[in-house]
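Here's a quick walk through some side-chain contacts, strand pairing and a metal site. Have the model open as you read.

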Amino acid sequence: MALNVLRTLDIEAKHEKDFRRTILIVDDEPINLRILGNILVAEYDIAYAQTGEEAMEEIRNQKGFLSLVLLDLYMPKGNGFMVLDSIRQDESLSKIPIIVLTSDKSAEVDCLRRGAVDFLSKPYDNPEVIRARIARAIELSIDRNIIVETGVDVLTGLMTKEYFFQYCREYDKFHPEKEMDAIVLNVSKFHLINELYGRVFGDRILQGVADGVRSASRSCGGVACRYSGDCFYIYIEHQINYDFLTRMVQEKLFEISETNDIRVRVGVYSDIYRSSNLEQRFDRAMTACNSIGRSNAADMVALYDNHMHEKEIYEAKLLVDIDRAVSESQFNVVFQPKYDIRGDEPRLCSAEVLVRWKHPEYGFVRPDFFIPLFEENGRIKDLDRYVWHEAAKQVRRWKDMYGVSIPVSVNVSRVDIFDPDLLDYLKKTLDDNALAPDDLCLEITETAYTDSVTQIIEVVNNLRNAGFKVEMDDFGKGYSSLNMLTSLPIDALKLDMAFIKDIAENNKEMSMVEFILQIARFLGVPVIAEGVESSEQYLLLKKAGCDIIQGYYFSKPVSSSEFGRLIERNLLDEKEPEALEQVEASEQE
Ligand code: C2E
Ligand code: CA
């Protein structure tokens, strides 16, 4: 690997080049000092020494300012070999490049071993060649120092990503025939390791991963870097099987943690024809890596394939289409009723507003597909604002039509939490429709609380102080500790569907739900159970003291006009919805 690969990166070197450098010439013959001095004085500041001892004194005095030493080998009072050895052994001096001045060919190998970078043969007959070689030696030494200083990740000793990319690009240039794999390796749930066991342990884990990654990549002649936090990039010749990678890393991790709980995921992109650039290839390896669920999936290696490629193209197209979708009203909102089940009869009390996208080419696109995509690409804010506005307009219409207030809850994406205009925008939405804050509840997903606790507490406090009710959505999906729950500002808990799915009389899942209900009661917050599909689930939840229910059992999300009819039936002339008749039927069985 050429040492000058970093030249393009080399800001520090540019700075250095803008300053005049100092060279120390060491020779006991005054005539030699004069000749070399004259050759170099136009470009450099020159210092002189006539013995090895003087040279060492000068080198120590000028530490940090000397760019090069020209060193005669044979002098009285400390010869050149002594100077070479002293410099090499002193870490603070060892970066200074040394060119040996000699007419003794037999000493050259010895000098190289002792750290010399080049030779100038006496007598000095070609000043141009001398100047060029000196300039080159200085340049190379700057590059090498920069590689040492910026090319190594301090925590793991692997390459930094900048150096890694330079290296790989250079490698591709010189080995175009090689079939290469871009690989991304990542530690599953690393943030939890840091949170649960502290940063020191987290750092040890990263070092262990790095050791495994280093051995594995070296075993097939490749290179690796720490790309960011817990993410490692590896560039190796194409392999048939990648299990050796996870195995070598897991072994290191086992040595540190003595458990198999910490798992690494590996994504591979094999582009043997190099049809895309290096960054794209690693992006695809990252896509493959992310395709492995965050859970402890059995297979921790994923290869980027056609299916992933098509999905990426599909996602890219959807992102391009958003603006047109808004202007052409392809998005619309639907309302899923929520029923208060505390009294004798379930009572329609609210609705969750959910967005729908009817794409002209792809048809109905699932929100759980495009919402995360919009979140990742910074497009969710506009969509959410659109939905809030539509929701507020509809609440106003129902108030005007029926004279009843039916509050609805809207989803606030975790990305919105970081929007400094969030509160103002919500207030304006209410003002535009002459509504009060309790007409619009806000659902914020639990993972937003666990991702950025301090920020969210501040934002939610501001929202609640302004009168908004905040529901913690998807509760149970994230990792809030009980301790955290007691200090979070919330008005309701929405139990994630996964909890409800398998509940049955006296089973483990039901005990869990009962336990959460007890905690919520202790905290004085109502619980909304989501995804309730059967009468059995409904009855179990009612018996356990759940407050509100949302789910297909009562109704799927419906259009605003259908929801209007539900209001008419439930809140105006007390007619019962069909679902309620079903409840009664099942209760009688
Ligand atoms: P979520 O907030 O957890 O919304 C509930 C999801 O569960 C909805 O899916 C709803 O249709 C579905 N659901 C309700 N009852 C049942 C049931 O009994 N069984 C089953 N299997 N599913 C049920 P949807 O509408 O597909 O939305 C998926 C997710 O997309 C939502 O999950 C929410 O996170 C997000 N989302 C939807 N609309 C918006 C929006 O306007 N803004 C934001 N930021 N996110 C939204
Ligand atoms: Ca929700």
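## Charges over rings

K556 sits over the face of Y552, 4.7 Å from the ring centre. For a charge to count as over a ring, NZ of Lys or CZ of Arg has to be within 6 Å of the ring centre and within 35 degrees of the ring normal. R385 does likewise with Y425, and the table puts the two cases together.

| Charged residue | Ring | Distance to ring centre |
|---|---|---|
| K556 | Y552 | 4.7 Å |
| R385 | Y425 | 4.1 Å |

A word on the ground rules: this is a predicted model, where local features need pLDDT of at least 70 and side-chain atom pairs count only at pLDDT 80 or more, while totals for chains, interfaces and linings use all residues. Residues are numbered from 1 along each chain as its sequence is written, chains are lettered from A and ligands numbered from 1 in the order in which they are written, and side-chain values use heavy atoms, with hydrogens and water left out.

On to the aromatics. Rings of Phe, Tyr and Trp (its six-membered ring) pair if their centres lie within 6.5 Å; planes under 30 degrees apart are stacked, over 60 edge-to-face, and the rest tilted. That rule gives 29 aromatic pairs. Take Y235 and F282: their ring centres are 6.0 Å apart and the planes meet at 45°, so this pair is tilted.

Buried or exposed, what is Y235? Y235 is buried, at 2% relative accessibility, and F282 is buried too, at 0%. Buried means under 20% relative accessible area, exposed over 50%, partly exposed in between (1.4 Å probe, protein chains only).

Strand β9 (residues 264-270) has 6 of its 7 residues buried. It runs antiparallel to strand β6 (residues 180-187), joined by 7 bridges, with V184 opposite G267. Strands pair if DSSP finds at least two bridges between them. β9 also pairs in the parallel sense with strand β10 (residues 301-303) over 3 bridges, where V266 partners V301.

Finally, the calcium ion (ligand 2) has E352 (OE), N411 (OD1), E443 (OE) and D473 (OD) as protein donors, 2.1 to 2.4 Å away. Donors are N, O and S atoms within 2.8 Å of the metal (3.2 Å for Na, K and Ca), and since water is not among the atoms, sites may look incomplete. Both E443 and D473 are buried.

Conventions
Helices (H or I, at least four residues) and strands (E, at least two) are DSSP runs, numbered from the N terminus.
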